[in-house]
Each structure stands twice: as structure tokens, then as C-alpha cells.
Amino acid sequence: MTAVTATYRRVIALGGPLLPVVSFLGRLPTAMCQLGSLLLVAETSGSLTTAGLVGGALAAGQTAAGPLIGRLADRHGQRPVVLAACWVNALAVAALVVTSLAGLATLPLALIGLLAGASVPQIGPLARTRLVALAHRAAVGDQVVGAALSLEGTLDEASFVLGPALVGLAASVAHPAVALALAAVLLAVCGSAFALHPTALAVRPVGLAVHPTASAVRPAAASRPPAGRSAGPAGDPPPGRPARTRTPRAVHALRLSVALQGAMFGACQAGITALTERLHQPAQAGLVYAAMGVMSAVAGISLALVPDRIGLPARWRAAAVALIALCTPLLFVRSLGALYPVVVVLGVAFAPHLITVFGLTERLVPATRLAESMAFLTSAVVGGQALALAVSGRLADAHGPSAAFAVAVGAAVLILVVALTTRAGAPPAPPVRGSRPAREPTADIPAP
């Protein structure tokens, strides 16, 4: 465990201790807005249909625009893109609060929800991209890169546990509008802090290269390039990962895999909600789901214990098998006493699968499209969750909670099929011929 602690200390040292704090607080509103918008619109309009339409528009906007935000960050740098997105998102969330309280009609509310979803600043994916860039520049090795992805996965899980809890607390103590107002403030303050952090310049825009004599981002303390591996000039892709523009086919399979995990999230949420309502304890649904998230976060941070000799493709297949094995018992759960342990144990498989897919994507995608690819994965989870929640919710109403859980099991089986039929460990393709050399900027990159 001492070695794991040392590894995570090196991860924190890459960008400084403030970076994970502002990135966590900046991504927290994303986890608050989905549930918060549903509760707010349902209370102010008195219509679950209207609330569902607004929530669906928010999810659709995030799913569709997430990769675009990532592509803009790849092309123009994270700082201007995140600054613009977080302020637009903060204003859109604030507008949703004001117009909901004013009793605006369904269509305008849905359009504002669509804007709120489309302007999500994608801080989670961009934080992953930033940490990976810092790790490669410091030449700290694949173990630290993997630990960085594990840390980011844990922060995601923690945000999706704390976010709904804050919304539920605000709704019970005061009003759902309070939760969304807090989300707007966090977006403006912490999103800006994430954008303005010095490490935002660690990820150079497409077409820009750091001059070999320019100052590089300061390496972590005591970090050295692995034996036989050159660090290269600051900003260069690591050896074996040239700055390509072509996305390997395996990346599309990885995106499908996380979309299916999103479907598992949605189906489990529908099944848990249906079961707790059938047991006349609907308030337990959020606690059950939070318990699963906590266990998932613990499993994610523990991935640094996995030996390096177990490659990412093998971890992907193992996580898929675990998803099936740990999800199947949900089909036979009939009581709250059985639901808690089954769901908590299931959480062990969620974060490892997501983190492994993020790791495979980081190795396979072109260096110039990393932020877009990371945002695409996050959008795939959101889209899969929203679609499965709608479908499995209807199935649960018609046939009981087991029908919703069956959707989750089916999605887990498909994840294993995708993992077994995809060659995700192949080395990157060589650079595309005829690509233009990168230009050189005039500004140095400051140390964090």
C-alpha cells in the first residue's frame, strides 16, 4: 500500500494539490443538474411529463455536444473553451431556475434544458486529458498514467454520489432551486478556476508545438524517464504514440462499451427505484445507489494495486466478466436486505471497467484528439444511461423490477462480447503521410 500511496503522490505532484480540488468541484454541477432539473420542474410545473422532457433535453444536449466541446479544446486549448462553456452553462442553469419558478411553458423550458446540457464544460474528460499530458511530459511511466486515470475515475464516482445527495438534501430542507443555484455558482467559480489553472497550458492546441528550448511543465519530484525510453521535447507525444489524425477502429468499440455501461447505470437505477417503491420505501433508492457509487470509487482507487503485467485488454475482459457475474444476482433480489449487499458488490466492477476503457482510449487515439475522445466516452455513458432509463422504466412498470435488471444483465453480456471481439492492444498506426509539421508558439508553458 505504501507503493500505491507513493504513486498517487506522484500523480498529485504533476499538477499540484489544487487541481484535483477545483476539477472535482467544477464537475460536481454536472451530477447535480440532471436530478435537480427533474425535481425542480416537477415541483414548479406539477407535471412529471414536463419534468421528464426537460431532463431528457438536458441529457440529449450533453450527449450530442460533449464531443464537440472536447474537439474545440483540442483545437483551441482548454482555457478559452472551458471559460466560455462554464459561464454559458452557469447562465443556462440559472435561467432554468428562474424560468421554472416563473412557470414558463414546457417548450421554452426544454430548450433551456437543451442549452444547459449542450454547454456542460466537460471538466471531467478535460481533467483526464490534462493529467495524461502532464504525466507524459514528466516521463513518469505508464503506472503513473494509469493511476492518474484511476484518480479521475474516482473523482467522477464521488461527484455522482455527492451531487444527487446534495440535490436531495436541498430539496428536503429548502427547495430544488437552491441546489441548481449552487450548481450555477460552482460552475462559474470552480469552472473558471479549472480553466485558469496554469496546467491548462499543458495541453497544447492542435497545430502548435512547444519549441525545444521553451520551458516545459515542471516534472514531478523524483520522476525520471523509464529505462530505454526518452522523454522527448516538452509537448511531444510519448514514444509509440505519434501525433496522428486517424482514429483506430477499436476506439469505436470502446465507446460502445461505455455506452453499454451507461445502459447498465440507467437500468439499475430504474430497477432499484421500482423495487424500493414496491417495498414502500422509495426514499431508500438514493441511498442504495449512493452505496454502489461509494464502492465503485473505492474499487477505482484500488486499481493501482493491479500488477503492470496484467495488460489493459485483459483487464477489460476481466471487468466485463465481473459485470455479468455481479449483476446477475439482481434478477433474484426481492427485499431491501438483499438489495444493499448485491448492489454494493456490483459497484466493485463499475469503476474498473470505465477506467480501463479510458486507459485503452488514451493509448489508441491520436494525441491531437484526446480531449474529444475522452468527452465522447463521457457522453456515451450519459446517452446510454438516459436511453436505458426510459426503456427499463417502462419495463419495470409493466413487468416489475426484475425486467429492468434484465436490461442491465443484457448490457453486461454485450460488453463482454465487445471486449472479446475487439483487438484493443494493437500498437498505434504510423503517422499519416503528408501531415504538416507543427508550428511553434512564441510563449513558454509555466510550471504549475
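Modeller: Val344 is part of helix α12, which spans residues 336–364. Keep in mind that this is a predicted model. Gly293 lies 51 residues away from Val344 in sequence, yet their C-alpha atoms are 8.0 Å apart in space. Which residues does Val344 touch, leaving aside its neighbours within four places in sequence? They are Ala291 and Met295.

Next, the helix pairs. Start with α9 (residues 249–278) and α13 (residues 370–399). Their axes are 6 Å apart and the packing angle is about 35°. The crossing of this pair, α9 and α13, is right-handed. On the α9 side, the contact uses Leu254, Arg255, Val258, Ala259, Gly262, Ala263, Phe265, Gly266, Ala267, Gln269, Ala270 and Ala274. Facing them in α13 are Ser373, Phe376, Leu377, Ala380, Val381, Gly384, Gln385, Ala388, Leu389, Ser392, Gly393 and Ala396. The contact of α9 with α13 holds 15 nonpolar residues, eight polar and one charged.

Now α2 (residues 18–45) and α3 (residues 48–76). Their axes come within 7 Å and cross at roughly 155°. The two helices, α2 and α3, are therefore roughly antiparallel. α2 passes α3 with right-handed geometry. From α2, the contact takes in Thr30, Cys33, Gln34, Ser37, Leu38, Val41, Ala42 and Ser45. From α3 come Leu48, Thr50, Ala51, Gly52, Val54, Gly55, Leu58, Ala59 and Gln62. By class, the contact of α2 with α3 has nine nonpolar residues, eight polar and no charged.

α6 contributes Gly124, Ala127, Arg128, Leu131, Val132, Ala135 and His136 to the contact. α7 contributes Val145, Ala148, Leu149, Glu152, Gly153 and Asp156. The contact of α6 with α7 splits into seven nonpolar, three polar and three charged residues.

How many cavities of 30 Å³ or more does a search of the whole structure find? The search finds three. The second largest cavity holds about 60 Å³. At least two of its lining residues come from each of α1 (2–15), α2, α6 (123–138) and α7 (142–173). The lining of the second largest cavity consists of Val11, Ile12, Gly15, Gly16, Leu19, Pro20, Ser23, Ala127, Leu131, Leu151, Glu152 and Phe194. Ala127, Leu131 and Glu152 are listed in that lining, and these residues also belong to the contact between α6 and α7. By class, the lining of the second largest cavity has eight nonpolar residues, three polar and one charged.

Notes: Residues numbered from 1 in each chain as written. Predicted model: local features only at pLDDT ≥ 70, side-chain atom pairs only at ≥ 80, totals over all residues. Heavy atoms only, no water. Axes fitted to C-alpha atoms, helices over the stretch in contact; angles between N-to-C directions. Helix = DSSP H or I, 4+ residues; strand = E, 2+ residues; numbered from the N terminus. Parallel < 35°, antiparallel > 145°, perpendicular 65-115°, else oblique. Left-handed = near helix turned anticlockwise from the far one by under 90°. Contact = heavy atoms within 4.5 Å. Nonpolar A, V, L, I, M, F, W, Y, C, P; charged D, E, K, R; others polar. 1 Å grid on protein atoms, 1.4 Å probe; cavity = no way out; pocket = protein on both sides within 12 Å on 5 of 7 lines; lining within 4 Å. Points joined across faces, edges and corners; volume = space filled by probe spheres on them.
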